[in-house]
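The entries follow in the order I made them.

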Amino acid sequence: HGANVSLQLFGTLRGWSTAPGAETNPGPTITVDQGDHITLDLTSEDGFDHTFWIDYDGDGRVDSGEPLSALFSTSTTFVFDANVAGTFTYYCSIHCGTPCNPTSSLMRGTWVTRGLTVAIATPTAATSWTGGVAHDIVFNLGGTDPPSSLTVWVNFTRNGGTVTGTIAGP
């Protein structure tokens with residue numbers, strides 16, 4: 001589960017900003033965590049129609065599943081969940097060109113959704129264990145939550161996946 005994150009974003013043909021009258025192109029880098037519930041209060045400061053859109057696949061075109069706000073010429077509220085981890089470009093889909101370009105489009109910025117990572121050091125995929133003997137499982141978790149807020153459990157399979165169970169932890 002993620003946090004409830006509220007952001008204000010102001011737009012003009014000069015770019016985006018988190019404060020009125022301070023638009024730049026590119027706009028501010030916005031960083032959230034994967035799973036966060038985002039509420040964007042969007043304001044057009046120049047009276048032109050705008051949208052807010054995150055280009056997940058980098059193709060410069062609005063695709064199904066990519067966050068896209070309603071058209072706004074004054075203000076609107078756009079709500080979505082940040083479910084795709086990675087670094088992306090956000091745009092006004094109206095004023096970014098065809099296709100939109102992360103280095104030359106009007107009204108663009110960087111959107112970062114940080115995700116949780118798990119790196120398993122031991123065992124390796126080729127390791128085979130026998131029962132009745134203690135074995136170490138070594139892994140590293142990366143993310144933005146404090147370690148005390150993480151819950152970890154490890155399951156196992158044996159006999160070609162026909163038998164499953166939970167591994168006793170520390």
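Entry 1. I looked up I54 and found it opposite Y90 in β7. The strand numbers follow DSSP runs from the N terminus, where a strand is E over at least two residues and a helix is H or I over at least four. The model is predicted, so local features need pLDDT of at least 70 and side-chain atom pairs count only at pLDDT 80 or more, while totals for chains, interfaces and linings use all residues. Residues are numbered from 1 along each chain as its sequence is written, and side-chain values use heavy atoms, with hydrogens and water left out.

Entry 2. I then checked which strands β7 joins. Strand β5 (residues 53-55) and strand β7 (residues 86-91) run antiparallel, joined by three bridges; two strands pair if DSSP finds at least two bridges between them.

Entry 3. I turned to the aromatic rings. Rings of Phe, Tyr and Trp (its six-membered ring) pair if their centres lie within 6.5 Å; planes under 30 degrees apart count as stacked, over 60 as edge-to-face and the rest as tilted. By this rule I have nine aromatic pairs. One of them is W16 with F52, edge-to-face at 6.0 Å centre to centre and 80° between the planes. This pair links distant parts of the chain, since W16 is in strand β2 (residues 15-17) and F52 is in the loop between β4 (37-44) and β5, 36 residues apart.

Entry 4. Is W16 buried or exposed? W16 is buried, with a relative accessible area of 0%, and F52 is also buried at 0%. Buried means under 20% relative accessible area, exposed over 50%, and partly exposed in between (1.4 Å probe, protein chains only).

Entry 5. F52 also pairs with Y90: the rings are tilted, 5.4 Å centre to centre, with 35° between the planes. Y90 is buried, as F52 is. I wrote down one aromatic cluster formed by W16, F52, F78, F80, Y90 and W111.

Entry 6. Last, I looked at the open sheet of four strands. Its order is β2-β1-β4-β6, and the pairing is mixed. The edge strands, each pairing on one side only, are β2 and β6 (75-81). Strand β1 (residues 4-12) runs parallel to β4, with eight bridges between them. Within that pairing, L9 has L42 in β4 as its bridge partner.
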